[in-house]
Amino acid sequence: MPASPIPKRGKQPTAMQYAASSGASAPLSPQLLRSCGSSSTCTKCGKPAAITLPYANQSLCQSDFVKMFESRVLRTVREFRMLKKGDVVAVGVSGGKDSCVMLHLLHKISKSLPIKLFAITIDEGIAGYRNKSLEVAKAECKKLGIPLKVVSFHKEFGKTLDKLLKERGEKLSCSFCGVMRRYALNKIARKEGATKLAIGHNSDDVAQTVMMNLMRNEPERLARFAPVSDASPSRVREGGASGQAWDAKQGAFIPRIKPLFLTPERDVAAYAVMKGIEIEFMECPYARHAFRQHVRAMLNDAEQKYPGTKLKIVKAFLSQSELMQEGAKHRLKSGKTVQIGVCKSCGEATSQKICSLCTLLKRS
Amino acid sequence: MGHTLLFYLMICAYPACSRMEVTVDGKKTKATSAATVAELISSLSLNGEEVLVKVNGKLAPNGMKIAASDEIKVMRVIFGG
């Protein structure tokens, strides 16, 4: 049996207890809601506040915010056992705020935990967008002394995303880009000897993913979704290495960790600004076509009216993820669910006979 | 006569008093005068969940009082990509 990423209740505080410790799940009475944001002093120390966190009904000064932010990420890493001594961590760095902040935090963690870091940046070939963030990624890696590997779609797949979308239509942009990016990240991480692949998914992304999977009626996919993506029983080959997750099939799938899993996106941006991480806040020109964009707007609208909504979705997901994984495991035994194997066409990790990339490219 | 002049001056001055200059995503714009950061975000029809506000170079909480003389920058920080 693989180790569950979610510790048993009662042994350790759960992820949402951590969130609660930062006030994330504090009950919001109508009175509190009215007072949200009314304070300009730090809830903790009384000094001038730098940011209001409506989801926590708090305003914090820069010092207390940074402390809270860093300790929340550190506890997420510990809670879900994302890192261990000796890990070689490939960090997916796009040059955006999430990945750059994650890089800084992992670099900080590496000072006390002996792990090796290197960064991978995928250049999809999006004119006027990626070249700018690529410069940011290079600058941040140089600042921290972390080696950077840049991989382009053009070199890896023979086409830039711009070119591919000219042929196939922009509406498929996120389908292509997501599949190709995951494929390239996994392949390069493995080639470079990584034992973990760190991805900058924040709690907003998590809430969006949960909602998207529900709205698309994809429970299997939702069951596989986790802070550490290799640890879900549905992803483990039956008869694999004892008690281990998918790395029994070493060489194909690099376990993905998401240190910002419980951290709201706006907090990440605030941390980047406070720490002087030089990021250009830019939107991908193809983002408007994405279903995720609509879900993001919907959730942010709800969050504004009912602070804490997004974290409550994450909380609900985590509280049910064990059950979903049990269900997936049951279906695995009865042969009714997919397992991760190797693509018959390209040899990369996949849960199907032919991986999504080969399917997409064949169609093109 | 004096009252009429005063009234005229008030009418003329009103639009200037009720507007404040802010920078949104690097572009200067005029916003309806607001007493706090939260009011400003609302008057710009922005979602507070998607923005950070700097007042005189420092990040500001929603409850911070602002004046037309302040240098105010609003940054949209939630994007797809």
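**Entry 1: the interface between chains A and B**

I began with the area buried between chain B and chain A, which comes to about 2100 Å², with carbon and sulfur atoms giving 58% of that area; buried area here is the accessible area, taken with a 1.4 Å probe, that two parts lose on being put together, summed over both. The model is a predicted one, in which local features need pLDDT of at least 70 and side-chain atom pairs count only at pLDDT 80 or more, while totals for chains, interfaces and linings use all residues. Residues are numbered from 1 along each chain as its sequence is written, chains are lettered from A and ligands numbered from 1 in the order in which they are written, and side-chain values use heavy atoms, with hydrogens and water left out.

Counting residues in contact (heavy atoms within 4.5 Å), I noted 21 from chain B and 31 from chain A.

I looked for salt bridges, defined as a side-chain nitrogen of Lys or Arg within 4 Å of a carboxyl oxygen of Asp or Glu, and the count between chain B and chain A is one.

Between chain B and chain A I recorded eight residue pairs in polar contact, with both residues at pLDDT 80 or more. On the side of chain B that touches chain A, β3 and β5 of chain B each supply at least two residues, and β3(B) gives the most, with three.

**Entry 2: the sheet of chain B**

Helices (H or I, at least four residues) and strands (E, at least two) are DSSP runs, numbered from the N terminus, and two strands pair if DSSP finds at least two bridges between them. Chain B has an open sheet of five strands in the order β2-β1-β5-β3-β4, with mixed pairing; its edge strands, each pairing on one side only, are β2 (27–32) and β4 (58–59). Helix α11 (residues 265–274) of chain A packs on this sheet and touches β3 (51–55), β4 and β5 of chain B, its direction making about 30 degrees with that of β3(B); axes are lines fitted to C-alpha atoms, for helices over the stretch in contact, and angles run from 0 to 180 degrees between N-to-C directions.

β1(B) and β2(B) run antiparallel and are joined by six bridges, and in their hairpin, which has two residues between the strands, B:Asp25 takes a positive phi near 50 degrees.

**Entry 3: chain A**

I found an open sheet of five strands in chain A as well, in the order β5-β4-β3-β6-β7 and with parallel pairing. Helix α8 (residues 173–191) of chain A lies across β3 (88–92), β4, β5, β6 and β7, running at about 145 degrees to β4(A).

Terms used. Polar contact = N/O pair within 3.5 Å; in protein donor to acceptor, adjacent residues only side chain to side chain.
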